[in-house]
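Biologist: I have a protein open here and would like to go through it with you. Can you put it on screen?

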Amino acid sequence: MRLTWTTTTLHLAEPLRISRSVTARRDAVHVRLEHDGLDGRGEAVSSAYLGLPTREILRHLAAVRPDVERLPDPETAWAELAPAGTLGAALPAGVLAAVESAVLDLTARRAGVPVHRLLGSPRPPAAPTARTLGIVPPDRAAAEAARLAAAGFTVLKVKAGAPDPADDLDRVAAVRDAAPAAALLLDPNSAWTEERAHALLPRFAALGVTAVEQPVPPGRPDTLARVAAASPVPVIADEDAVTHADAVALAGRVHGVNVKLAKCGGVRAALRIHEALRGSGTDLMLGCLTASSLGLAPAVHLADRARWVDLDGHLLLADDPWTGIGGADGTVRTTTRPGLGVRPRTPEPPGEADVRPRTPEHAREEHVRPRSSAGPIPGEARR
């Protein structure tokens, strides 16, 4: 097998402002695994918040390449990949998820079936996805909400955490009025104190908000659990839910856990979390970073397992270099094509490991105001 990668920069159609930062672009490292005339793909994106600059992605890929290329085929690589095995166990979650994606894509293509079949879902998953609205003035949020509702979106996620809570309330009210049929999610990105969360959540519930993500800072799960117990709407852990151990500790104490493959380490780690939550009263949300259709595709193959689906990262881009998971009409979906089912929009040059030094300008998200185990294997029936 041959493992190579290339690096590109993904530009957002417009900067996304959340409570702790503004993101205008991020690097994407496209991973390619080749064997017997076929290839599989994956994507790792840089993230300042997750502590994963581009140079670290490239360093870790170079370190794991010999271990991957010594294996005879992708099926062996899947069996040896963490968390089922030791291959890649030292990789950051985002890099492991990208390598796993390439292995899984290639394995499914060799078998002639879509990835979701290997993961135990007989039919192509499809689900309404939330579409994110950043911290913008209410009139801009209303105009965007109306446009999205007309396009077919039935779930809108409104970012919150402005210095003045009245701004957030006005934004949500404007979105509700502009898209009255849409379900509203709220995401303060951990900007509130416990006291503010208790005071504000009933007011947002009265405006039609149906769930809230991580209202309080991470690191104090007891606080999040208290907020969840008193909240009139479901509370979903995000920044507090990174690993399998985090999810297990929160099971039954919050209403949902937001699983992002770049946080937990890929499809198999996500399935392990899903199994751990079963019967606990805590449901699964599938989330994402801003990434291309390639980066989101593995999560779309899991969409039928989630109560909430927030897989819109590719829809925020000015130019998505990949296609194949839909979403522009408010629904993400897989296909019956073998593998992940995504394709480059334009022909690619032959894959070569991109080890050129990256400048700081390309090695980070554009940020301002920053704040101080094994699941199902291919062919295993879904339980």
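Modeller: What follows is a short talk through the fold, its sheet and a few single residues.

Biologist: What kind of model is this, and how are residues numbered?

Modeller: This is a predicted model, in which local features need pLDDT of at least 70 and side-chain atom pairs count only at pLDDT 80 or more, while totals for chains, interfaces and linings use all residues. Residues are numbered from 1 along each chain as its sequence is written, and side-chain values use heavy atoms, with hydrogens and water left out.

Biologist: How many helices and strands are there in the protein?

Modeller: The protein has 12 helices and 15 strands. Both are DSSP runs numbered from the N terminus: helices are H or I with at least four residues, strands are E with at least two.

Biologist: And what is the radius of gyration?

Modeller: The radius of gyration is 20 Å, close to the 21 Å that the globule rule gives for 383 residues, so the protein is as compact as a globular protein of that length. The radius is taken over C-alpha atoms, and the rule is 2.2 Å times the number of residues to the power 0.38.

Biologist: What share of the residues count as buried?

Modeller: Of the 383 residues, 57% count as buried. Buried means under 20% relative accessible area, exposed means over 50%, and partly exposed is in between, with a 1.4 Å probe and protein chains only.

Biologist: Now the open sheet. What is its strand order?

Modeller: The open sheet has 8 strands in the order β5-β6-β7-β8-β9-β10-β11-β12, with parallel pairing. Two strands pair if DSSP finds at least two bridges between them. The edge strands, each pairing on one side only, are β5 (131–133) and β12 (308–309).

Biologist: How many bridges do β6 and β7 pair over?

Modeller: Strand β6 (residues 155–159) pairs with β7 in the parallel sense over 5 bridges. K157 stands opposite L185 in β7. Strand β7 (residues 183–187) is mostly covered, with 4 of its 5 residues buried.

Biologist: And how many join β9 to β10?

Modeller: 2 bridges join β9 (residues 235–237) to β10 (residues 256–259), and these strands run parallel. The bridge partner of I236 in β10 is G256.

Biologist: Back to β5, then. I clicked on T132: buried or exposed?

Modeller: T132, found in strand β5, is buried, with a relative accessible area of 6%.

Biologist: What is T132 in contact with?

Modeller: Leaving aside neighbours within four places in sequence, T132 is in contact with L16, K157, K159, D310, D312 and L316. Contact means heavy atoms within 4.5 Å.

Biologist: What phi does D36 have?

Modeller: D36 has a positive phi of about 50° although it is not a glycine. D36 lies in the loop between β2 (22–35) and β3 (38–45) and counts as exposed, at 63% relative accessibility.

Biologist: And what about S190: what is its phi, and where is S190 found?

Modeller: S190 also is not a glycine and has a positive phi of about 65°. S190 is in the loop between β7 and α7, and S190 is buried at 9% relative accessible area.
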